[in-house]
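Here is a short briefing on one protein chain. Please keep the sequence and the model open while reading.

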Amino acid sequence: MKKFAKRAAAFLLAAVLSLSLAGCYNENLTWSARKGDTELPIGAYIYYLSVAYNEAAAQIDTETRVLEGEVEDTPAAEWITDRAASYINQYFWMQDEMERLGLTMTDDDYAQAQQTTDSYWSLFGTSLEKFGIAKTSFDIAYSQYNTMYLKVFEALYGEGGEREISEDELRTHFTDTYMNYEYFTAPLTKTGEDGASEDMTDEEKAAVTEELEALQAQVESGELTVEEAAEDYAASIDSDSNYVQSVNSRDKMTASYLPEAFITSLESMREGAIQVFEASGYMVFMHRLPIADAVEEELSNEDNRLSLMIELRNEEFQDYAREAAASVEGAEMNEEAISRYQPSMFESTTENGTSSTPEESSDTESSSSESSSASGEESSASESSTEE
């Protein structure tokens, strides 16, 4: 759970920096909303506003300026501010749901949230601070909310939960959408006389293919395993083995920027088959393994199991949370503070970008190394505002 919570950022939120028009400190402008003992900083609202802006931008034609468009038959500016306010209610609803389900934030939960904050802040802190979003508030609003989100989700949809997902459904989803495979790659480039990388000649590429096909025959005859074949090939080119064994879905491989040729070739293979093919400047030696061999390990791993549950029910939970949050009672909005921040503040930085949502933010760490290996390019974690 902790690892997943770190990898799978589940929502939005942020910060506590208050700016007055006169440049003077005013304590009444430092918070955006209150409910019970919880007070959200103004930065949380600013972050909600930015996320809502990005959501609106994703739904408006790219030829139209965001604030001149409409979302769900509502002027964009109005839709954005309403959406930001709804996120505040969702935060309070999630706290209420934690209490109803007997869940608490432990010291480990807070520590994990802080690690998530530190990781994201190193990438986006400078940009967030420009809008008045401080790190401490980001920790509360984004990282701690993310932890609560996952705890509530797991309590509802896990074993014994009110919305429990059956074991059969989890197994079926896994076997229907995931692939089990092992592979290694051989570069189709070489180092030229000037020290720069250059493409191999057709003859050199043919020699690589011939060597891999010879290894394929040895694996198919049982003389070698794929891992041993990877080690033998690496030794022949004086390199380290890049053998990989993985279980992945198409969506996760796509999100990790694995080449389309890699994915489609794997999908076309029957279980047990071996194939040698080219993808993005590499020859790939692929062996598709039976997915049934991976089921027990996958479902017995807490993080992986939760990831599968998220894939199956996160959209449903998102809708449920939004609907339930609309009836939250006892929340007080600080209109004096939030009225100072309008969607137009984001116009200079975003035209029509998109934002990733928590249900889209799945575990991609396991496949990021595959992207580098299969495409020869460093994979990057593309992080943007999250929806829920």
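Two strands count as paired if DSSP finds at least two bridges between them. With that in hand, β1 and β2 form a hairpin with two residues between them. The model is predicted.

**The hairpin and its sheet**

- Glycine 36 sits in the turn of the hairpin and has a positive phi of about 60°.
- Strand β1 covers residues 31–35. Four bridges join β1 to β2, and the two run antiparallel.
- Alanine 33 stands opposite leucine 40 in β2. Lysine 35 has threonine 38 of β2 as its bridge partner.

**Where α3 crosses α12**

- The axes of α3 and helix α12 (residues 302–325) come within 8 Å. They cross at roughly 95°, so α3 and α12 are roughly perpendicular to each other.
- The residues of this contact divide into eight nonpolar, two polar and three charged.
- From α3, the contact takes in Arg83, Tyr87, Asn89, Gln90, Trp93, Met94 and Glu97. From α12, Phe317, Tyr320, Ala321, Arg322, Ala324 and Ala325 meet them.
- Is glutamate 97 buried or exposed? Glutamate 97 is buried, because its relative accessible area is 5% and buried means under 20%.
- Glutamate 97 lies in helix α3 (residues 76–100). Leaving aside residues up to four places away in sequence, glutamate 97 touches Val152, Leu156 and Tyr320.

- In helix α6 (residues 167–177), the buried residues are Leu170, His173 and Phe174. Why do they share a side of α6? They cover an arc of only 95° around the axis, which puts them on the same side of α6.
- An α-helix has 3.6 residues a turn, so residues three or four places apart point the same way.
- The buried residues of α6 pack against β5 (178–187), β8 (244–249), α11 (295–300) and α12.
- Asp168 and Asp176 are exposed. They are carried on the face of α6 turned away from its buried side.
- In helix α10 (residues 260–268), Phe262, Ile263, Ser265 and Leu266 are buried. Their arc around the axis is only 170°, which puts them on the same side of α10.

**Lysine 135 in α5**

- Lysine 135 is in helix α5 (residues 135–157). Lysine 135 is partly exposed, with a relative accessible area of 32%.
- Which residues does lysine 135 touch, not counting residues up to four places away in sequence? Lysine 135 touches Gln114, Thr117, Asp118 and Trp121.
- Lysine 135 and aspartate 118 are 17 residues apart in sequence. In space they are 8.5 Å apart, C-alpha to C-alpha.

Methods. Residues numbered from 1 in each chain as written. Predicted model: local features only at pLDDT ≥ 70, side-chain atom pairs only at ≥ 80, totals over all residues. Heavy atoms only, no water. Buried < 20%, exposed > 50% of the residue type's maximum accessible area, 1.4 Å probe, protein only. Arc of directions from axis to C-beta. Contact = heavy atoms within 4.5 Å. Axes fitted to C-alpha atoms, helices over the stretch in contact; angles between N-to-C directions. Parallel < 35°, antiparallel > 145°, perpendicular 65-115°, else oblique. Nonpolar A, V, L, I, M, F, W, Y, C, P; charged D, E, K, R; others polar.
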